[in-house]
Amino acid sequence: MGKQVGEIFRFMRNKRLFILMVGLILFIALMGFSLGRNRLTWPEKFLNDAFGTAQGTLYRPVGAVADFIRDLGRLSDVYKENEQLRRTVAQYTQDQIKFNLLEADNKQLKKDLNFTERQKNMDNYRYLIAQVIGSTSNPYEKTVTINLGSRDGVKPDMAIRTVEGLVGLVSKVKTFTSTVTLITDLDPTSSKGTPVSATFLGHPDSFGIIEYDDETGALQMTKIDEHDKPADGEQVITSGLGSLFPKGILIGTVKSSQVGDFGLTYTAIITPATKFDHLREVFVVVPPEEEGQ
Amino acid sequence: MKIRINWVILCAIILLVLENSIVPWLVPPQWSERLLPHLCFILTLFVAGFGGRHVAFMFGLGFGLLQDSLAYGHLIGPYGFGMGLIGYLAGLLAERKSFTIGFFSWVALVSGLMLDSIVYFIYKLFRLTDLQYAQVFYWQIAPTALLQLLIALLFYVPIRRYLVKLSLSSAEDSPE
């Protein structure tokens, strides 16, 4: 017995191993501590802002050059795209008239029903234009950095979108920059991320949760009620159920659907509306309740 | 041989900025999830080779933690831990064997595989990923390590020339 204890002590005297053990424990403590933390200390904010600014001066010009070179290769597509856009604009002006009428109608109805001021303002989202100033090389943290921070009114869990559709959520806010977690990082089986609720544009009563399957690399909408069988090609938008998340942002279109894990729900595979790599300009969606604060 | 540590730190900061701003644009879109080179890590290996294990440990630890806090989404520490440990181990190895380019390429390849594996297992430990190791290895770890090896070999000559002070004994065979 005494001999064994002696051996353990001799073992511990091996300084290198001892330091390694202590280091391991310290690191596990650090990782555990930093897991699921939302506030940042000022040295972290300072470092992030400093590096973010430096990155931004490079990321944006390089991105512009890279995009230009890629655009040269796609010059023939541009004509086709232009035609498509013109057709869309025509459709849009048509819809705008309809929309204005409906909005006026809606306002009147809300007034008749004695909606509160807060309820009336529910859909008045404000958009902040943000430049992407960097992306990280960590394969398990798919984050990008944007050049707006707490000074500009950005808060954690705000939605980030491009012109095409939903991109992600603000995860960490610094003074001048923020970190955005992409929706491809919302893995259902792991203990991370804020769930995003979604609905079909066609029938707004439907409900589902957006998840990303790392193994197949597909965006999914799960837990769809069995009465709302998703049709292929249907558009999926955010439903706004849940705190800060705005509604009506396009997520993608249904590519295929299948019966879910327990046979009671449907799971739809979604083609995302946006591309998540090589982002340059995004919008931060500020919900109206936040503006007064 | 002694490494000019101040210049190396300056280089590492510049490389870290480049890694987050320019490298994503150079990698083709189809490969953007697979090729994620860590430039500071490559520099850590050079520090281990030319500066000794203690310097490499501190260097790896510092820049690993810096990288972690820049990419902070879920947790801080995997790269700090991995780069510190590998810097130290590579330093140990380099002190025993002569630091030739062939030996160095082996170190770069194996430690590249090790770093990404350590990071994977940490994320696995905290249940932040549930991918299979074999899949991650094929999908991201192996291609990244090969790319890192290539970058390390590209860096080899400039770093030896500009960032390593030659001691008197070895100055004779390489005139400047």
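Two residues are taken to be in contact if their C-beta atoms, placed from the backbone, lie within 7 Å, and axes are lines fitted to C-alpha atoms, for helices over the stretch in contact, with angles running from 0 to 180 degrees between N-to-C directions. Helices (H or I, at least four residues) and strands (E, at least two) are DSSP runs, numbered from the N terminus.

The structure is a predicted model, in which local features need pLDDT of at least 70 and side-chain atom pairs count only at pLDDT 80 or more, while totals for chains, interfaces and linings use all residues. Residues are numbered from 1 along each chain as its sequence is written, and chains are lettered from A and ligands numbered from 1 in the order in which they are written.

Two strands are said to pair if DSSP finds at least two bridges between them; S1 (residues 126–135) and S12 (residues 281–286) of chain A pair in the antiparallel sense over six bridges. To see one position of this pairing, select Gln131(A), which stands opposite Glu281(A) in S12(A).

Next, select the strands of chain A in the order S6-S7-S8-S11-S10-S9, which are six strands closing into a barrel with antiparallel pairing. Neighbouring strands of this sheet, too, are turned by 45° against each other on average, direction ignored. Strands S6 (residues 196–200) and S7 (residues 208–213) of chain A pair in the antiparallel sense over three bridges, and within this pairing Val196(A) has Ile210(A) as its bridge partner in S7(A), while Ala198(A) stands opposite Gly208(A) in S7(A). Moving on to strand S8 (residues 218–225) of chain A, you will find five bridges joining it to S7(A), the two running antiparallel, with Ile209(A) opposite Thr222(A) in S8(A). In the hairpin of S7(A) and S8(A), which has four residues between the strands, select Gly217(A) to inspect its positive phi near 70°.

**Chain A: helix H2**

Now select helix H2 (residues 15–34) of chain A, whose end C-alpha atoms are 28 Å apart, in agreement with the 28 Å that its 20 residues should span at 1.5 Å a residue; the expected span is 1.5 Å times one less than the number of residues. A residue counts as buried if 20 or more other C-beta atoms, placed from the backbone, lie within 10 Å of its own, as exposed if 12 or fewer do, and as partly exposed in between. Of the 20 residues of H2(A), the number buried is two, so this helix lies largely in the open. Just after H2(A), Gly36(A) takes a positive phi of about 70°.

**Crossing to chain B**

Display both chains and select the residues where they meet: 33 residues of chain B are in contact with 37 residues of chain A. On the side of chain B that touches chain A, H1, helix H2 (23–26), helix H4 (53–70) and H6 of chain B each supply at least two residues, and H1(B) gives the largest share, four residues.

Select helix H7 (residues 133–163) of chain B, which spans only 37 Å between its end C-alpha atoms, whereas a straight helix of 31 residues would span 45 Å at 1.5 Å a residue. Look at Ile141(B), where H7(B) has a kink of about 35°, shortly before the proline Pro143(B); the bend at a residue is the angle between axes fitted to the seven residues ending there and the seven starting there. The buried residues of H7(B) include Val136(B), Ile141(B) and Leu163(B), and among the elements against which the buried residues pack are helix H3 (39–51) and helix H6 (101–125) of chain B.

Finish in helix H3 of chain B by selecting Gly49(B), which counts as buried because it has 25 C-beta neighbours inside 10 Å. Leaving aside neighbours within four places in sequence, Gly49(B) is in contact with Ala94(B), Phe99(B) and Phe104(B).
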